[in-house]
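Open the model in your viewer and keep the sequence panel beside it. Each stop below says what to select and what is there.

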Amino acid sequence: MAVRNLLQAIHDALEEEMRADETVLILGEDVGRAGGVFRVTEGLQEEFGPDRALDTPLAESLIVGSAIGLSVNGMRPVAEIQFADFIPPAFDQIVSEAARFYYRSNGAWNVPITIRAPYGVVPGGALYHSQSVEAYFCNTPGLKVVAPTFPKEAKGLLKSAIRDPNPVLFFEHKRCYRLLKEDVPEEDYTVPIGEAKIHREGEDITVVAYGLVLHTALEVAKKLSEEHGIEAEVVEPLTLYPLDRETILASARKTGKFLAISEANITGSVTAEMAALVAREAFEWLDAPVMRLGAPDIPAAAFARPMMDAFVPDAARIESAMLELARY
């Protein structure tokens with residue numbers, strides 16, 4: 001085992017896949033000589049050369065379009081969008097071309113591309129470096145959308161994404177990059193796309209969360225157990241599309257009380273799909289209304305720190321919601 005943070009685990013997955021498969025390459029703004037704006041790809045151009053760690057112009061449509069072209073010609077590109085906020089120029093390439101290629105060719109053409117996108121609120125990020133855009137892509141058949149939070153799952157999921165025969169969007173929360181370290185296997189392993197993880201067992205309420213708010217939810221769950229004897233089951237979806245319906249529903253049916261949290265704008269977010277799923281498929285087991293927490297429906301996020309903090313569901317609001325649900 002090696003002790004790694006999220007950023008290092010993602011770097012290791014890229015490095016190992018590039019060593020194991022000469023068709024794997026990375027491309028994006030500053031991913032080569034500079035090693036990426038967050039240093040995720042640091043050292044890869046030195047080892048694999050400029051043809052496999054490729055710096056591109058500042059043009060997201062070109063990055064994804066080139067990745068599609070490379071993929072249908074035998075390569076497995078990993079395209080980096082420097083900040084998820086800037087993925088809209090590539091939107092048409094992703095949802096109109098990459099997502100449909102396999103279907104419209106009747107299975108004749110695969111598009112094995114991975115698109116990495118750092119997301120989420122970060123201090124100083126303000127309006128154009130703070131957005132959570134994952135829900136945009138969770139309504140498009142042909143795509144898979146993953147958002148791991150911890151290093152161990154991130155490394156295994158990125159390997160699965162790169163080896164997947166069709167497009168996978170891989171969202172990385174920026175504030176989680178260096179938030180904690182944990183033991184990460186050094187041997188080759190994968191984490192299956194489409195399977196959620198139960199981080200904490202509980203009998204009283206279910207909390208589903210991902211990204212920075214998952215860390216907060218786990219801290220609050222521990223506090224409620226110690227101070228109130230309330231045992232929360234905390235589930236991380238890992239894959240946002242398609243959801244692991246079985247794990248989410250099994251937990252909701254066990255506890256009878258369900259809360260979904262993300263820091264995305266709440267209307268139309270991934271938590272809405274979770275809430276609809278539980279309300280429809282676990283209604284007879286519920287002892288309380290399904291609850292959600294998310295960011296208000298305003299642009300993410302203000303530069304001023306107090307306003308930025310008010311945007312993201314914090315420990316106080318998560319604790320309040322969990323207590324309300326437990327006491328219903």
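The tour goes from the sheet to one of its strands, then to the helices and finally to a loop glycine.

This is a predicted model, in which local features need pLDDT of at least 70, side-chain atom pairs count only at pLDDT 80 or more, and totals for chains, interfaces and linings use all residues. Residues are numbered from 1 along each chain as its sequence is written, and side-chain values use heavy atoms, with hydrogens and water left out.

**Stop 1: the sheet**

Show the cartoon and select the strands β3, β2, β4, β5, β7, β6 and β12; in that order they form an open sheet of seven strands with mixed pairing. Strands (E, at least two residues) and helices (H or I, at least four) are DSSP runs, numbered from the N terminus. Two strands pair if DSSP finds at least two bridges between them. At the edges are β3 (53–55) and β12 (239–241), each pairing on one side only. From one strand to the next the twist averages 25 degrees.

**Stop 2: strand β5**

Select residues 114–119, which are β5. Is this strand enclosed or open? Six of its six residues are buried, so β5 is largely enclosed by the rest of the structure. Buried means under 20% relative accessible area, exposed over 50%, and partly exposed in between (1.4 Å probe, protein chains only). Thr114, Arg116 and Pro118 lie on one side of β5, and Ile115, Ala117 and Tyr119 on the other.

Arginine 116 has phenylalanine 170 as its bridge partner in β7, and proline 118 stands opposite glutamate 172.

**Stop 3: helices on the sheet**

Select α6 (residues 151–163), which packs on the sheet and touches β2, β4, β5, β6 (144–146) and β7; its direction makes about 155 degrees with that of β7. Then select α1 (residues 6–20), which lies across β2 (24–28), β4 (76–80), β5 and β7 and runs at about 130 degrees to β2. Axes are lines fitted to C-alpha atoms, for helices over the stretch in contact, and angles run from 0 to 180 degrees between N-to-C directions.

**Stop 4: α3 and α4**

Select residues 60–71 (α3) and 91–98 (α4); their axes come within 8 Å and cross at roughly 30 degrees. Ser61, Val64, Gly65 and Ile68 in α3 meet Gln93, Ile94, Glu97 and Ala98 in α4. Contact means heavy atoms within 4.5 Å.

Now show Ile94, Val95 and Ala98, which are buried in α4. Seen down the axis of α4, its buried residues fall within an arc of 120 degrees, so they line one face of the helix; the arc is that of the directions from the helix axis to the C-beta atoms. These buried residues pack against α3, α5 (101–104), β5 and β7.

**Stop 5: glycine 202**

Finish at glycine 202, in the loop between β9 (197–200) and β10 (205–209). Glycine 202 is buried, with a relative accessible area of 4%. Leaving aside neighbours within four places in sequence, glycine 202 is in contact with Glu231, Ala232, Glu233, Lys254 and Thr255.
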